[in-house]
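Subject: Structure for your review

Dear colleague,

Please find below the structure that I am handing over to you. My findings follow it, and I would ask you to read them with the model open.

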Amino acid sequence: MLISRNEIRTRALAFSKEWAEESSENAEAKSFWDAFFNIFGIKRRTLATFEEPVKKLGQKQGFIDLFWKGKLLVEHKSRGRNLDKAFTQALDYFPGIKTEEHPQYVLVSDFAKFRLYDLENDEQFDFKISELHNKIELFNFISGYTTHKVREEDPVNIKAATLMGDLHDQLKEAGYDGHPLEVLLVRLLFCLFAEDTSIFEPVQFQDYIEQRTAEDGSDLGAHLSLLFQVLNTPTSKRQKTLDEQLDAFEYINGKLFEEVLPISSFDSSMRESLLECCNLNWSLISPAVFGSLFQSIMDKAERRNLGAHYTSEQNILKVIGPLFLNGLRSEFKKAGKNKKKLTAFQNKLRTLTFLDPACGCGNFLIIAYRELRELELEVLIALQGGKAHQLQLDIKNLIKVNVDQFYGIELEDFPAQIAQVALWLMDHQMNQKVSIKFGLNFARIPLRSKATIICGNALHVDWSDLIPIKKLNFILGNPPFIGSKYMDKGQKEDVSPYFSHIKNGGILDYVSAWYIRAASYIKDTNIMCAFVSTNSICQGEQVGVLWKWMLKNGMKIFFAHRTFQWTNEASGKAAVHCVIVGFSEKEVTNKLLFEYDDIKGDPHSKKAKNINPYLVDASDVFLDNRKKPICHVPRIGIGNKPIDGGHYLFTPEERDSFIKIEPKSEQLFKRWLGAKEFLNGYERWCLWLGDCPPNELRKLPECLKRVNSVKNFRLASKSSPTQKIAETPTHFHVENMPKSNYLVVPKVSSERRRYIPIGFETPSTLVSDLVFIIGDATLYHFGILSSMMHNDWMRSVAGRLKSDYRYSAGIVYNNYPWPKKPTKKQIDNIKKTAQSVLDTRAKHSSSSLADLYDPLAMPSVLIKAHRKLDSAVDAAYGRKFNNDAQRISYLFDLLNKYLNTGN
């Protein structure tokens, strides 16, 4: 009589645990193989013999370790021995075996590893003893079950998503669309996973499709509908006349198969696509990847960049570690071997609840659940004295953590359904891990518990309707990244209730609404929150708007990751610069700040006394958009803004051609610099007619044509102020032309540069409003602004244009705390080292500033010059700084002093 496959798997797990440490062939090999056959409910001596004598090649006497005539030959070695040699030794026995008794299979082992050769099909399978329960189908020739071709060991990946995408497209083109299509795909995905992970029997789903549906696919939709109905019906309530192949499927429940769908119509191509999916191995799937990977199958354009919109596991761990996991692990460690404390700790794990109010396909919830289950497993092992052995344990009742502790809100229906299923898949994978550890086969089928994932707009939904506030512990996630200027009408309506009551709320990015919503929700509670966001909310003007409100409402930042580059699992990675902010009303003593020497690299953490809204270990200071500098330094302003339609701007070639036609115009041309021209050495010219006397201008017909074109351009504008300046067409809208040398600072500079390139220009050069200019600036001012001190400040507080630095007058320059009272010697040293920087640049006059400040091309002599300047500036601040974090912390504290006492 055949024993069930579940029982075989359970016995295989127990076998693996019992023999995991054995190593001696001579002492225990026979007991090992007796126990191996017992996995299948078979007494070894009824089928096979030990030490079967046989003449080897060359008539030498040999003894086969274990021989089952016509079926199996086993060669066993001590742990660590070469299995290739063992197989060669096994083949040496074949000349002495009768042809009709040649075995189909050769199995070699060293206790720790197995290698099975299927000689008839010329296949080889290698696996560890701990993997035996997952490879048990290989030994159907022993158990008596039907043998199927073992699938490739490819994990579900882009290929799987592409196959499902093809099936999706075919169904959609045939008219099966919308919600029914989404639900159908989710169910199919579950079935594919189920038959590779012991929820179903191996290839049970595939067999049903192959054996019970027509090759043309005409009845496949009806069969799937019937199968879904069966999966939703308890065994005891099924019809007695139900097809036995259908009746063999487990009852799943969990409402996954509850909804009645319209019957889909397949054809042969669709059926083949589904069977091709069946041929992949889904057992190695990562549920965290599963969700977002398959969300993209719904859109062909999205499918080209699979996975571009979900957070990598690495980034999720950056959130959940300091949010709750590190604290729980510390608590577990303190419990030690005290069973009372360990039991209380496990009970605590069961009470914890988590909400992701922008959950997408559930990535954060899935990884959080996995880590909670991993921790619980460690607790269970500790309760057993550090060893996961059987002791007749009822594992089902020992496991307490479950998916019903997790809650999510997702705007779209399909990802919400995926999140629900992916959490079940993670639950099943963790149950399999428990099975391996304890030697018992454990599965939560039928599904009785489920996560609460609702489809809705998180900014409209009352979160208390989803989970009572007194029950919730943690809020986490990755809300949408949409800049304030890029929100559509619907998104602006979403944020209006949150931004309208906050001064200057209109400048806030979309993600800020989640911060405000969460802060309002957790008021007067101990709930802790952590969100991944674009770094824009902790830089520039938004800080003073969002975080002034957050802190006023009692929120405190207890951990943060400073700017790092977003990464995900897709081949086309999204280039986004992010921060992670953990906040709550509860005071946390051990605050952690994670800093990045390389935004693409790994962070290092440090304890912080206070984490301010700019994610700096310093006092809470808000940088107002100041009209003038806080310190006694030259004022900064924008360059010239022509609003001329380009009629006054010329390339060198255009200028030369114009002068040929009108020679007297040559003296009216001035060199013109915007940010690109300044950084890259491009030559452009401006026809400046504002100083040209009217009587002279009337003698220049070509210039007058340009004036007339500018006037008409301005009159054609829809802007009233622009129409107004049509009255003075020879002048610019904004004119800023210093009478002496001045400093030029590009408004936007590459994030790759350690220093923003700035430099002096003469009055003969006009600059555009794409740069800032500082008149009356000296070498001292140039030195401070060119130093690492100022550049670190800029990086910390400036806004961004995509990933590039966006320098500002009101936030960066006017709030910068200059040295309080530098000595003459310190000032002179700054001037000296600043001049050295300029001199070094001059020696490379053929290279542009962009070339000189490219981190890969920057000359070593220029690097040295800047380092000397950095040291001189640091000295003016009265101390030596080891890194940017120390500089920024110091500058914020200094600014706070200036604000309180004046400078």
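A residue is called buried when its relative accessible area is under 20%, exposed when the value is over 50%, and partly exposed in between. Asp166 has a relative accessibility of 34%, and therefore counts as partly exposed. Please keep in mind throughout that this is a predicted model.

Overall picture

The protein chain contains 33 helices and 26 strands. Its C-alpha trace spans about 120 × 70 × 65 Å along the principal axes. Of its 903 residues, 56% count as buried. The accessible surface comes to about 40500 Å², and carbon and sulfur atoms account for 49% of that area. When contacts between residues at least 6 apart in sequence are considered, 73% of them join residues at least 24 apart.

Charges on the surface

The chain carries 119 positive and 108 negative side chains, and the centres of these two sets are 10 Å apart. Asp166, which is placed in helix 5 (residues 158–173), belongs to a negative surface patch together with Glu210, Glu215, Asp216, Asp267, Glu272 and Glu276. A positive surface patch consists of Lys832, Lys864, Arg867 and Lys868. Which helix gives the most to the positive patch? Helix 32 (residues 860–876) does, with 3 residues. Lys832, by contrast, is found in helix 30 (residues 824–842), and this lysine is exposed because its relative accessible area is 64%.

Salt bridges

The count of salt bridges comes to 31. In one of them, the side chains of Asp247 and Arg238 meet at 3.4 Å, N to O. Asp247 is partly exposed at 33%, whereas Arg238 is buried at 9%.

Another salt bridge joins Asp404 and Arg350, at 2.7 Å from N to O. This pair links distant parts of the chain, 54 residues apart: Asp404 sits in the loop between helix 16 (395–398) and strand 8 (406–410), and Arg350 in helix 14 (residues 339–351). Asp404 is partly exposed, with a relative accessibility of 22%, and Arg350 is also partly exposed, with 30%.

A further salt bridge is formed by Arg887 and Asp792, at 3.2 Å from N to O. Here too the pair links distant parts of the chain: Arg887 in helix 33 (residues 884–901) and Asp792 in helix 28 (residues 788–797) are 95 residues apart. Arg887 is buried at 10%, and Asp792 is buried at 2%. Salt bridges with shared partners join Asp792, Arg795, Asp874 and Arg887 into one network.

Buried parts

Is Thr197 buried or exposed? Its relative accessibility is 1%, so Thr197 counts as buried. Thr197 is placed in the loop between helix 6 (178–194) and helix 7 (204–212). Leaving aside residues up to four places away in sequence, Thr197 touches Ser283, His428 and Gln432.

Helix 20 (residues 512–521) is largely enclosed by the rest of the structure, because 9 of its 10 residues are buried. Among them are Trp514, Tyr515, Ile516 and Arg517. The buried residues of helix 20 pack against several elements, including helix 18 (463–466), strand 10 (474–477), helix 21 (541–552) and strand 13 (577–584).

With kind regards

Note on methods
Residues numbered from 1 in each chain as written. Predicted model: local features only at pLDDT ≥ 70, side-chain atom pairs only at ≥ 80, totals over all residues. Heavy atoms only, no water. Patch = residues over 30% accessible without salt bridge, like charges linked within 9 Å, V, L, I, M, F, W, Y side chains within 5 Å. Areas by Shrake-Rupley, 256 points an atom, 1.4 Å probe, with all protein chains shown as cover. Salt bridge = Lys/Arg side-chain N within 4 Å of Asp/Glu carboxyl O. Lys, Arg positive; Asp, Glu negative; His and termini not counted. Charge placed at Lys NZ, Arg CZ, Asp CG, Glu CD. Helix = DSSP H or I, 4+ residues; strand = E, 2+ residues; numbered from the N terminus. Buried < 20%, exposed > 50% of the residue type's maximum accessible area, 1.4 Å probe, protein only. Contact = heavy atoms within 4.5 Å.
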